[in-house]
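Please describe the cavities inside this protein and the surroundings of its ligand.

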Amino acid sequence: MMKYFFVIFLAACMQFIYAQQGGIVEFELDTRKIGAAVQPYMWGIFFEDINFGADGGLYAELVKNRSFDFPQNLMGWRVAGDVRLRSDNPPFPNNPVYLQLSAPDHDKRRTAIDNEGFRGIGYKKDETYRFSVWAKREIPAESQKLVVELINSRNDVIGRQELSIDDDTWKLYEITIKANETDAKGRLRIFYVGQGSICIDHVSLFPTDTWKGRKNGLRKDLAQALYDLNPGVFRFPGGCIVEGTDLATRYDWKKSVGQVENRPLNQNRWNYTHSRHDFDYFQSYGMGFYEFFLLAKDIGAEPLPIVSVGLACQFENTEEHAHVPVAELGPYVQDALDLIEFANGPATSTWGKVRTEMGHPEPFDLKFIGIGNEQWGKEYPERLVVFIEAIRAKYPNIKIIGSSGPGPDGERFDYLWTEMKRLKVDLVDEHYYRPPQWFLDNAARYDTYDRKSPAVFAGEYASHDRDNGRENNYLSALSEAAFMTGLERNADIVHMCTYAPLFAHIDAWQWKPDLIWFDNLNVLKTPNYYVQQLYGHNAGSHVAPITWNKKPIAGQDGLYASAVWDENEKCFIVKIVNAGKEDKNIRINLNGARRGAVFTLGDCVKMQNNNLQAINTFEQPFGIVPQKTTALIDGNVLTINAEGQSFGIYKIK
Ligand code: AHR
């Protein structure tokens with residue numbers, strides 16, 4: 001008997017010593033104390049037309065400067081023969097410039113134009129492309145036609161069709177052309193064949209296979225990548241582009257709806273690239289507010305539009321006169337009210353009618369609106385209050401989001417938070433672009449937030465590994481995963497979170513890191529993408545309390561953890577990040593279960609990499625992806641081997 005007790009005692013001592021050495025870690029999960037609701041829109045996405053995110057990216061148009069209204073009217077085009085710019089009696093007055101193509105004099109070359117696309121045009125073998133053009137006969141002749149050619153990067157024709165222009169008034173012509181080769185850097189070439197002359201405008205080329213097969217549609221692979229995140233909220237259209245380089249170039253949603261040909265061109269706030277200042281970045285508004293609302297609906301996310309508060313980008317404009325005086329805010333406030341009507345109003349209302357005519361009689365069920373992006377100073381609250389009063393009076397159920405400025409702390413931030421409380425906004429948008437260590441150090445950031453305040457919207461965040469070229473490396477993803485346990489634990493006060501920015505074209509970016517990279521043919525999901533996806537698919541419905549030594553697990557010994565209860569699946573979902581190098585043996589005691597309750601293990605996944613600088617590349621896109629893993633449940637104890645540098649998700653039914 002003595003011998004038996006001695007063995008037990010020895011085993012207990014060994015376990016104690018092992019635990020002291022960091023061998024076994026004991027977490028407690030109280031299965032009775034289901035806490036605050038996790039908002040169904042907790043994990044979402046933030047879209048901005050930066051890095052060719054819309055034009056040249058998600059918006060599937062392949063022709064750059066399709067209506068010849070860039071300030072340099074032929075930017076993106078090469079022309080030969082008799083090609084003239086015109087703007088008299090244009091078919092689309094908001095985009096007035098069009099081209100006249102005439103039969104060249106006998107000593108000139110053939111009349112032709114060719115477009116370079118957005119850093120090339122991506123063609124896929126056997127896919128079809130819809131070419132469309134508005135045209136009319138200017139000087140009629142017997143046979144007047146366009147020969148349209150898809151060209152590869154070696155200048156070979158890989159698809160060809162002819163189109164007769166047969167009307168003396170402006171008309172839309174459409175043909176489809178099949179590509180017989182794949183090429184990421186193709187061009188579009190158009191010859192004019194015939195005597196006399198014709199006029200053309202809005203020269204467009206889309207893949208026919210767009211997201212949901214829509215005309216004027218979205219690139220399918222990129223939209224699918226958004227859908228696959230299972231986002232709960234979709235913030236759009238920016239970012240700084242909401243504010244504009246100046247007020248004239250702010251995102252004006254009213255210009256982004258209605259007939260696509262007549263949406264006026266806007267200079268993009270990000271009109272430069274990382275490598276050169278070639279100023280070819282414009283917003284066609286082809287992907288406008290109607291398309292944004294539709295996309296939000298398609299991917300099952302709450303739409304969250306942000307509108308201008310009358311302040312031009314404050315990074316670019318320090319002088320008071322760059323902004324709208326408070327007394328003259330009327331039209332801006334009206335824009336916000338009209339936007340709510342556009343989204344939710346009946347078909348009989350002015351703006352509900354516009355939505356209906358565009359194809360969506362049902363309302364979009366808008367619940368949130370953001371007023372201003374990254375604003376600061378007293379200029380902001382004194383304008384915001386005007387919007388709040390007008391919106392509350394007309395639409396009391398719409399939740400209003402205010403800004404806490406461009407950084408997560410400091411005087412500006414504190415001042416704005418005080419003001420947001422005073423103005424009683426519903427949510428406060430916080431932005432943090434910080435190094436990985438900041439994310440690791442701040443997992444407890446919201447543990448001490450005032451619970452009587454407006455809720456938090458982490459509207460733009462990303463871990464910037466500045467020492468390593470701001471790559472979307474594993475370290476940045478792991479540190480975000482760790483920080484996000486703190487967002488989840490505090491879901492009573494943190495109601496929404498959106499990583500930023502969303503997209504970047506590999507040949508035309510201004511900002512990194514970014515969630516999704518792409519070229520003209522492929523999509524590349526970063527490790528950060530998979531972290532967001534794991535949260536998006538494992539959001540649960542309520543916070544569940546998980547502790548270590550009675551404290552939240554927010555970085556002690558490199559460990560981070562949070563847990564949720566999922567009312568649909570009737571399971572707990574535990575998220576654990578081990579940011580340290582060494583494996584950790586973790587026991588989670590599932591306390592408080594009913595007598596006779598049996599815990600079983602559901603699906604478990606993990607991300608792990610020994611190399612913190614590892615990235616996914618176009619050559620090796622699946623280097624860092626979630627993988628199935630497992631754990632052990634014995635009675636009410638879940639034992640996990642949390643490998644060094646890992647993020648794991650464990651379901652307990
Ligand atoms: O996401 C890129 C930019 O970062 C956004 O436009 C702006 O809001 C922030 O400064």
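The report below covers the cavities and then the ligand.

The model is predicted: local features need pLDDT of at least 70, side-chain atom pairs count only at pLDDT 80 or more, and totals for chains, interfaces and linings use all residues. Residues are numbered from 1 along each chain as its sequence is written, and side-chain values use heavy atoms, with hydrogens and water left out.

**Cavities**

A search of the whole structure gives 4 cavities of 30 Å³ or more. A cavity here is a set of points, on a 1 Å grid over the protein atoms alone, where a 1.4 Å probe fits but cannot get out; its lining residues have an atom within 4 Å of a point. A volume is the space filled by probe spheres set on the points, which are joined across faces, edges and corners.

The largest cavity has a volume of about 150 Å³. Its lining has 19 residues, and Asn-65, Arg-66, Phe-70, Leu-265 and Ser-284 lie nearest the centre. Domain 2 (49-60 + 215-319 + 366-537) and domain 3 (77-207) both contribute to this lining, so the largest cavity lies between them. The domain bounds come from an automatic or database domain assignment.

The second largest cavity has a volume of about 110 Å³. Its lining includes Pro-237, Arg-250, Trp-253, Phe-289 and Tyr-332. Two or more lining residues come from each of β17 (302-307) and α5 (330-344), and α5 gives the largest share, 3 residues. Helices (H or I, at least four residues) and strands (E, at least two) are DSSP runs, numbered from the N terminus.

**Ligand**

Polar contacts are pairs of N or O atoms within 3.5 Å. A backbone N or O atom of Cys-240 is 2.7 Å from a ligand oxygen atom. For Glu-374, a side-chain N or O atom lies 2.7 Å from an oxygen atom of the ligand, and a polar side-chain atom of Glu-460 is 2.7 Å from a ligand oxygen atom. On its own the ligand has 290 Å² of accessible area, of which the protein covers 96%; such areas come from the Shrake-Rupley method with a 1.4 Å probe.

**Residue classes**

Ala, Val, Leu, Ile, Met, Phe, Trp, Tyr, Cys and Pro count as nonpolar, Asp, Glu, Lys and Arg as charged, and the others, Gly among them, as polar.

| Site | Residues by class |
|---|---|
| Lining of the largest cavity | 7 nonpolar, 6 polar, 6 charged residues |
| Lining of the second largest cavity | 8 nonpolar, 1 polar, 3 charged residues |

Key:
1 Å grid on protein atoms, 1.4 Å probe; cavity = no way out; pocket = protein on both sides within 12 Å on 5 of 7 lines; lining within 4 Å. Polar contact = N/O pair within 3.5 Å; in protein donor to acceptor, adjacent residues only side chain to side chain.
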